[in-house]
Amino acid sequence: MAKKLYIKTFGCQMNEYDSDRMADVLAAEGIEKTDFPEEADVILFNTCSVREKAQEKVFHDLGRVRHLKLQKPDLVIGVGGCVASQEGTAIVERAPFVDIVFGPQTLHRLPQLIRERRASGRPQVDTSFPELEKFDRLTPAYVRMEKLPPATGRPEPGTANDAEPRSGELPSPPPVGRGLGGGQSPSAFVSVMEGCSKYCTFCIVPYTRGEEVSRPVGDVLAEIAGLAGQGVKEVTLLGQNVNAYRGALPDGEADFALLLECVHELPGIERIRYTTSHPREMAQRLIDVYARLPKLVSHLHLPVQSGSDRILAAMKRGYTALEYKSIVRRLRAARPDISMSTDFIVGFPGESAADFEASMKLIEEVGFDASFSFVYSPRPGTPAAELADDTPHELKIERLMRLQKRIEEQALAISEGMVGSVQRVLVEGPSKKDAGELAGRTDNNRIVNFAGRPRLTGSFADVTITAAMPHSLRGEIVTREP
Ligand code: SAM
Ligand code: F3S
C-alpha cells in the first residue's frame, strides 16, 4: 500500500507554497497526501515563528502526534519552516521523538533526510541556506499540474532538461494550451525570490529564511509560460519582499518592474498579482508600470506597520508616514482605482497614545480596505526584544480592536461603493456558501458569489455587483447578446 504524508502548515502564503513543494518531492517518492495524521507514515509541521503564539502551537501539536509512534514505530515526524530554522537541534532536544528538522531552503532534501534517518537511526537536522538549490531541484509548476508519472518526462532531480531554458535564458513560447483539468484552479502562485535583507528590528524572518535571493528571469518566465499552457490565467508572484527582486538576465539583471513587464507579455496570463512588497522597494519605475500594464491588478498589499515616524524609525523601516503616503499618491496618479491593503503592528515597545493615533490617522488618509494586524510579539534574538515595553497588554488589545474595526468599516464602505458596478471576476469554482452558485474574485481581491454555469470555472466573467456583505459581494452575471 502507498505510504501516506500528512502536512500541517502554519503562517504565510510562502509557507503554503513550500508545503505544496514538500508534498511534490515526496509524491515523487510514491508518498501520497492524506488529511488524517493517524493514517500517515510521514507527518510534517511547516512552522512559522513570526509571532510567539504560532511558535508555541507547534510544540503543542507535536505532543498530540507523539503517541502515534507507539502504534507505528517507523512513523517519521518532521519539523520544517521558520521555527525549525531558528531552533535547529534544540527541537530534537525538547521533543526527542522528532526525526527530521529542515529549513525553508532545504525542503527539497526531504527524501534524503528521511533515508538518512532510517539508515542511521538518529534524528537528522539540516537548516542551512543553500541559496537557489531548492528551485533548481523542484519540479516546475506546469509539470506538477500535468501530474505526469515520474518516468514520462519529469527530469531527474538535478539534471538539465533540454526542453527548458537554463537559468538566465528567456523561455520559448508556452506549449499549446490544453485547458485546465477538473478541479484545477485558474490561478497559481510562483515564488520569484526568497528571504529578506531588511532586518526590521521586530522581525525574525531574515534570520530564519536568510538574505534576499532572486530566481533568474528565464526560470520564472519558463514556469509561468508553462502554467499558462495548462490554462492558468492568473499568477501571484511570491516573495517575502517580492519587489526587492533582482533576477539574472543573460546580459545583466532585471528589477521587479522589468519582471512584471516580461510576465505581462506572456500569452494566456490575463491577471498578475504579487505579494508581499516593501515600501522601500516601491521605486518610481515600479509605480510607473501601473499606468502601462493593464493585467496588473488594481490592488496592492503594501505593509506600513505604523503611522508614527518615531515608531517607524525604531522599527528600522526606512521610510516616514509622509513617504508612504507619497507612494500611495503616485500609485493613484498612475492607477486611480487602486485599492490598498497593509500590515500593522500594534503596541510596538514604547508606542504612545499619540503614536497609535498617528496609525489611525494614516488609515483614514490612505483609505486602506484590508489589513493583517497583530499585537507586537517579542522575538528572541531581534533588537526590539531588548527594548523596554511598559504598555499594558490589555491596552494593546484595545488599540488593535479599534484599528481593526475602523479598517473593516472602510472595507465595507468600499464594497458598498462597488454595488451597481460591473466587475471582471476570475471564476474559481463553486461558492463556499452555496455549492449551486459560483464564486469569483475581483481585481481588488473580493469574493463575489453569483448564479452561473459551472463551465464558467477558470474563465473571466463580467458580473454586476448587487449587494455588499462584510466579507464578500453578491452579483449577477452580465448577459451578453448571442
Ligand atoms: N515584507 C513585509 C514588509 O514589508 O513588512 C513583511 C513580511 S513579514 C514576514 C509579515 C508580517 O508579519 C509583517 O508585515 C508584520 O506586520 C508581521 N510581524 C513580523 N514580526 C512581527 C512581530 N514580532 N510581532 C507582530 N507582528 C510581526
Ligand atoms: Fe520582516 Fe521587515 Fe523583512 S517585516 S520579512 S524584516 S521587511
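Predicted model: local features only at pLDDT ≥ 70, side-chain atom pairs only at ≥ 80, totals over all residues.

Biologist: How many disulfides does the structure hold?
Modeller: The number of disulfides is zero, a disulfide being a pair of cysteine sulfur atoms within 2.5 Å. For C12, the nearest cysteine sulfur belongs to C48 and is 6.3 Å away.

Biologist: Which residues are around ligand 2?
Modeller: They are C196, K198, Y199, C200, F202, C203, V205, P206, Q240, N241, H278 and R317, where a residue counts if one of its heavy atoms lies within 4 Å of the ligand. By class, this shell has seven nonpolar, three polar and two charged residues. Ala, Val, Leu, Ile, Met, Phe, Trp, Tyr, Cys and Pro count as nonpolar, Asp, Glu, Lys and Arg as charged, and the others, Gly among them, as polar.

Biologist: And C200, is that buried or exposed?
Modeller: C200 counts as buried, at 7% relative accessibility.

Biologist: On to the fold. In what order do the six strands of the open sheet stand?
Modeller: The order is β2-β1-β3-β4-β5-β6, and the pairing is parallel. β2 (31-33) and β6 (124-126) stand at the edges with a single partner strand each, so one side of each has no neighbour in the sheet. On average, neighbouring strands of this sheet are turned by 20° against each other, direction ignored. Strands (E, at least two residues) and helices (H or I, at least four) are DSSP runs, numbered from the N terminus, and two strands pair if DSSP finds at least two bridges between them.

Biologist: How many bridges join β3 and β4?
Modeller: Strand β3 (residues 42-47) and strand β4 (residues 76-80) pair over five bridges, in the parallel sense. I43 is opposite I77 of β4.

Biologist: Which strands does helix α2 lie across?
Modeller: Helix α2 (residues 52-65) lies across β1 (3-9), β3 and β4, and runs at about 170° to β3. Helix α6 (residues 110-120) lies across β3, β4, β5 (100-102) and β6, at about 150° to β5. Axes are lines fitted to C-alpha atoms, for helices over the stretch in contact, and angles run from 0 to 180 degrees between N-to-C directions; contact means heavy atoms within 4.5 Å.

Biologist: Further along, which residues are in contact with R399, leaving aside its neighbours within four places in sequence?
Modeller: These are V346, E351, S352, A353, F356 and T391. R399 itself lies in helix α16 (residues 393-418) and is buried, with a relative accessible area of 9%.

Biologist: In what sense do β17 and β20 pair, parallel or antiparallel?
Modeller: Strand β17 (residues 422-430) and strand β20 (residues 460-468) are antiparallel, with five bridges, and L426 stands opposite F460 in β20. β20 also pairs with strand β21 (residues 473-477) in the antiparallel sense over five bridges. A467 faces R474 in that pairing, and four residues lie between the two strands of this β20 and β21 hairpin.

Biologist: Now the backbone. Which residues does a cis peptide bond join?
Modeller: The cis bond joins T275 and T276, with omega at about -5°. T276 is placed in the loop between β13 (271-275) and α12 (284-292).

Biologist: What is the phi of Q305?
Modeller: The phi of Q305 is positive, about 75°, although this residue is not a glycine. Most residues other than glycine have a negative phi, and most peptide bonds are trans. Q305 sits in the loop between β14 (299-301) and α13 (309-315) and is buried, at a relative accessible area of 7%. N445 also has a positive phi, about 70°, and is not a glycine. N445 belongs to the loop between β18 (438-441) and β19 (447-451) and is partly exposed at 33%.

Technical notes:
Residues numbered from 1 in each chain as written. Chains lettered and ligands numbered in written order. Heavy atoms only, no water. Buried < 20%, exposed > 50% of the residue type's maximum accessible area, 1.4 Å probe, protein only.
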